[in-house]
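Thanks for coming. Please look at the display.

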Amino acid sequence: MENPETVTFDVGGRLFKVSRNVIEQFSDTMLGKIVSETWQHDSDATVFIDRDGDIFAHVLNYLRYGSIVLPISIPRAMFDREMDYYGIITDVNAHTIKQESSIHALDVVKNKLEDAELEHDMFIIAVHAYHKYMTGHKSCFFNEDSKIGLCRNPFDHSTNPRLNAKKILKEHLKTYYGIDAWSITFSQQPNKNPFSKPTRSAFPSTIINSGVNLNLRNAAESRPTFGRPIDDTPFASGLLQEGEWYCNSCTTKNPTNADTCLACDTAKSELVPLFGGTASPGRLPSNSFGTWTSRNESQF
């Protein structure tokens with residue numbers, strides 16, 4: 001019977017499906033012998049090897065490419081021991097096996113941390129920008145002194161070469177809150193607050209207060225569902241009609257004559273308007289944070 005094109009290894013509980021041609025190129029090694037017809041009577045059977053599966057993955061890469069750069073988590077001595085077990089002979093003078101430097105590993109961790117902090121801070125800024133917008137602020141400024149739990153100054157994120165902080169912040173505002181940040185500026189401003197903690201620039205004589213400034217507006221001409229993802233509601237494709245109201249507790253659209261939510265039985269009298277203030281369909285309340293709205297309330 002003709003041998004299949006692949007062979008499966010079970011090494012320490014990890015399964016590896018490898019091209020048979022790769023193994024047959026090293027027919028003199030232990031791996032080459034155990035997959036040969038002499039040793040393997042059932043060519044479809046999984047070959048079990050009681051060794052370290054994590055290191056075996058790098059052994060296979062060495063066989064595939066003829067060289068390997070070991071991560072810092074796998075010492076060279078451990079890799080050499082596994083290579084000896086599999087009968088794979090390497091030329092020491094060829095320098096085909098290299099070890100990742102601790103400096104490079106530290107840079108990788110540092111970059112991942114910076115990217116995670118950027119994602120975290122852009123989401124936090126989006127949340128607080130939404131709160132300010134709902135209280136009537138069409139523009140807002142955030143920096144490290146804003147006391148909103150930022151990991152670092154927003155201006156620092158604008159220099160991240162891997163992630164676009166402006167794009168991420170804009171997407172958060174539009175997706176989760178229906179707000180269009182038509183202007184996002186990461187800038188350095190004169191420090192006018194004598195009680196804030198300044199950041200010194202490259203010029204010692206200049207004290208600056210850097211951060212991000214946002215100019216906001218509603219993402220749509222009319223707002224069907226403010227405060228929730230635009231495409232994540234039962235009536236996202238249709239606007240509210242005059243007098244209809246929206247229960248933010250269960251995302252249900254209710255008719256004008258309904259005194260309680262049709263889905264969750266929440267009394268309309270218990271709900272706070274989307275903008276706060278006097279609750280009346282068709283009337284624009286005055287303050288902030290609520291749970292129903294009507295078509296006329298989308299006018300600013």
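Is Lys 132 buried, exposed or partly exposed? Lys 132 is partly exposed, because its relative accessible area is 32%, and buried means under 20%, exposed over 50%, partly exposed in between, with a 1.4 Å probe and protein chains only.

A note on the source. This is a predicted model, where local features need pLDDT of at least 70, side-chain atom pairs count only at pLDDT 80 or more, and totals for chains, interfaces and linings use all residues. Residues are numbered from 1 along each chain as its sequence is written, and side-chain values use heavy atoms, with hydrogens and water left out.

Back to Lys 132, which sits in helix H5, residues 102-134. Helices (H or I, at least four residues) and strands (E, at least two) are DSSP runs, numbered from the N terminus. Leaving aside residues up to four places away in sequence, Lys 132 touches His 137, Cys 140 and Phe 142; contact means heavy atoms within 4.5 Å.

Now helix H4, residues 76-85. Its buried residues are Phe 79, Glu 82 and Met 83. They are on the same side of H4 because they cover an arc of only 100° around the axis, taken from the directions from the helix axis to the C-beta atoms. Ala 77 and Asp 84, on the other side of H4, are exposed. The buried residues of H4 pack against helix H3 (53-65), strand S4 (68-70) and strand S5 (97-99).

Finally, the whole chain. It has seven helices and eleven strands, and 40% of its 300 residues count as buried.
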